[in-house]
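Work through the exercises below with the sequence and the model at hand. Each task is followed by a solution in steps.

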Amino acid sequence: MAAATHDASAALAGTHVFPGRAVHANLSTPQLVAHALRRNEGTLSADGALVVRTGAHTGRSVADKFMVDEPEVSADIWWRHGNQKLAPRHYAVLKSRVQGYLQGQELFTQDLYAGADPAHRVRVRLVSTEAWHTLFARNMFIRPDPAELAGFTPDYVILHAPRFQADPAIDGVRSATAIVVSLTERVIVIAGSEYGGEIKKSIFGIMNWTLPAEGVLPMHCSANVSRTADGSPGEVALFFGLSGTGKTTLSSDPNRPLIGDDEHGWGPGGVFNFEGGCYAKVINLSAEAEPEIYAATHRFGTVLENVVTDAQGRLDLADGSLTENTRSCYPIEFIPNCDLSGRGGQPRNVVMLTADAFGVLPPISRLSPAQAMYHFLSGYTAKVAGTEKGLGREPQATFSTCFGAPFLPRRPEVYGAMLSDLIARHGADCWLVNTGWTGGAYGTGSRMSIGHTRALLNAVLDGSLKHARYVRDPFFGLMLPQDVPGIPNEVLDPRQAWSDQAAYDRAAADLVSRFEKNFASFQGGVTEDVKAAAIRAAA
């Protein structure tokens, strides 16, 4: 017991948690799987993946996310829903109560990096009551070499107590769930939610806070890179998008090594991944359409959240009875064609993904720099029934600025100005890609063919689409390619894909009005060229 106490003191240094039970520090993947099974935290699939349930929370709880209102940083924080203020006195009470709770539990700690570029990385220490969440973090973040663990000093500590229930009357929060960030103490408290994505996105928020001050743009995007004839890295492509728009699917390309599937920085040295793993949505995952992700989902070391299995542990990836937000978390090296350095050069192409459930946006359009800024700040996609509780049958337009509003501690203009400068400085080409519906809205139209989307992206990435003939769309002001080999013209022009073109006109006009309404919320902070590029109804 003395040795365990000694190990615990090192594993919990700086956390003010003084454990009364075992502390398991920096365990390997097999060790964490064994502990998860011992503790009945999950089961093994037929292929050896760890299958877990996240209880009431099958997605992030944005309404329960708080930042401590500390005078040193308060003026620089973008206060709004998702960055709600928590008084320092309430934070102190909550943190103390969580620390006391942790002291009575068996604990798992893991020391990890966020940021593949050593000049801009953050050292993270997770302290959790759960083995599977610790494996989740080990998969998602960058694992230091064993020699780097000696004397590891964290920049940020996550106190992770998913079964602890916060008390609004005592802790000043909204419910029994609380995700609280203190930027001055560099502590993150996660209580009352078993959803693994809270761990991942809390650190993304930290990177969104720290990197702009270092001259690096943090981005909610995936990235891949071409290979030159001699095998060296070639041109980088970025894929911005909200959840469900295809960032992971489209960047996992057998012909282009994956840098990362979700979070990156773009600075003077190029692009670098924040993470060491992938967190893919797997509802209706197909071995034919998404072979790399499918294979990674069926192997030991992967964590599967809320995926349904049969009695033999075989996965039913079409079963969304627990949630449509089923997830697979695996180390990036499970994708055979990945760049393990997590780094690339300056991007040649910037792709913005939207899943338009109204079925009126084109499958691809070329954006001017001003249009790129407009769509970056708009961050449009559309949710449909079944993806979230409470949605009706009609699509719901969603505008999440910078394609990641819940993760932005600073005002959107900070990130927008940085992207504008980087695009201009490096001459990147920008594109808008609709991975949603065509031929009609959700319920009447069909989902955009992955084959068509990949063919269009291949034309972007090989440079041929840059030289196509273009025509301006009358509703959205977008430049549409007129001819792309292998793509029917009625696919390229969304109006032609509708059997009732008058119905298309009404649906397009409706979406234009939604863009206009959203633009009013940020137009005061943009340049005149971006205002001129804004989508607006015809006079």
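Buried means under 20% relative accessible area, exposed means over 50%, and partly exposed lies in between, with a 1.4 Å probe and protein chains only. The model is predicted, so local features need pLDDT of at least 70 and side-chain atom pairs count only at pLDDT 80 or more, while totals for chains, interfaces and linings use all residues. Residues are numbered from 1 along each chain as its sequence is written, and side-chain values use heavy atoms, without hydrogens and water.

**Exercise 1. Aromatic pairs**

Task: Classify the pair of phenylalanine 204 and phenylalanine 274, then the pair of tyrosine 380 and phenylalanine 399.

Solution. 
Step 1. A pair of aromatic rings is described by the distance of the centres and the angle of the planes. Rings of Phe, Tyr and Trp (its six-membered ring) pair if their centres lie within 6.5 Å; planes under 30 degrees apart are stacked, over 60 edge-to-face, and the rest tilted.
Step 2. The whole structure contains 21 aromatic pairs. In one of them, phenylalanine 204 and phenylalanine 274 are 6.1 Å apart centre to centre with 50° between the planes, a tilted pair.
Step 3. Phenylalanine 204 is in helix α7 (residues 197–210) and phenylalanine 274 in the loop between β15 (270–273) and β16 (277–281), so the pair ties together parts 70 residues apart in sequence. Phenylalanine 204 is buried at 1% relative accessible area, and phenylalanine 274 is buried at 1%.
Step 4. The ring centres of tyrosine 380 and phenylalanine 399 are 5.3 Å apart and the planes are at 40°, so this pair is tilted.
Step 5. Tyrosine 380 belongs to strand β24 (residues 380–383) and phenylalanine 399 to strand β25 (residues 396–399), so the pair ties together parts 19 residues apart in sequence. Tyrosine 380 is buried, with 4% relative accessible area, whereas phenylalanine 399 is partly exposed at 23%.
Step 6. Tyr380 and Phe399 belong to one aromatic cluster with Tyr374, Phe515, Phe519 and Phe522.

**Exercise 2. Charges over rings**

Task: Over which rings do the charged ends of arginine 299 and arginine 327 sit?

Solution. 
Step 1. A charge sits over a ring if NZ of Lys or CZ of Arg is within 6 Å of the ring centre and within 35 degrees of the ring normal.
Step 2. The charged end of arginine 299 sits over the ring of phenylalanine 334, 3.6 Å from its centre.
Step 3. For arginine 327, the ring is that of tyrosine 279, and the distance from its centre is 4.7 Å.

**Exercise 3. Cysteines**

Task: How many disulfides does the structure hold, and how far is the nearest cysteine sulfur from that of cysteine 329 and of cysteine 338?

Solution. 
Step 1. A disulfide is a pair of cysteine sulfur atoms within 2.5 Å. The structure holds zero disulfides.
Step 2. For cysteine 329, the nearest cysteine sulfur is that of cysteine 278, 8.8 Å away. Cysteine 329 is buried at 1% relative accessibility.
Step 3. For cysteine 338, the closest cysteine sulfur is in cysteine 278, at 8.0 Å, too far for a bond. Cysteine 338 is buried, with a relative accessible area of 15%.

Key. Helix = DSSP H or I, 4+ residues; strand = E, 2+ residues; numbered from the N terminus.
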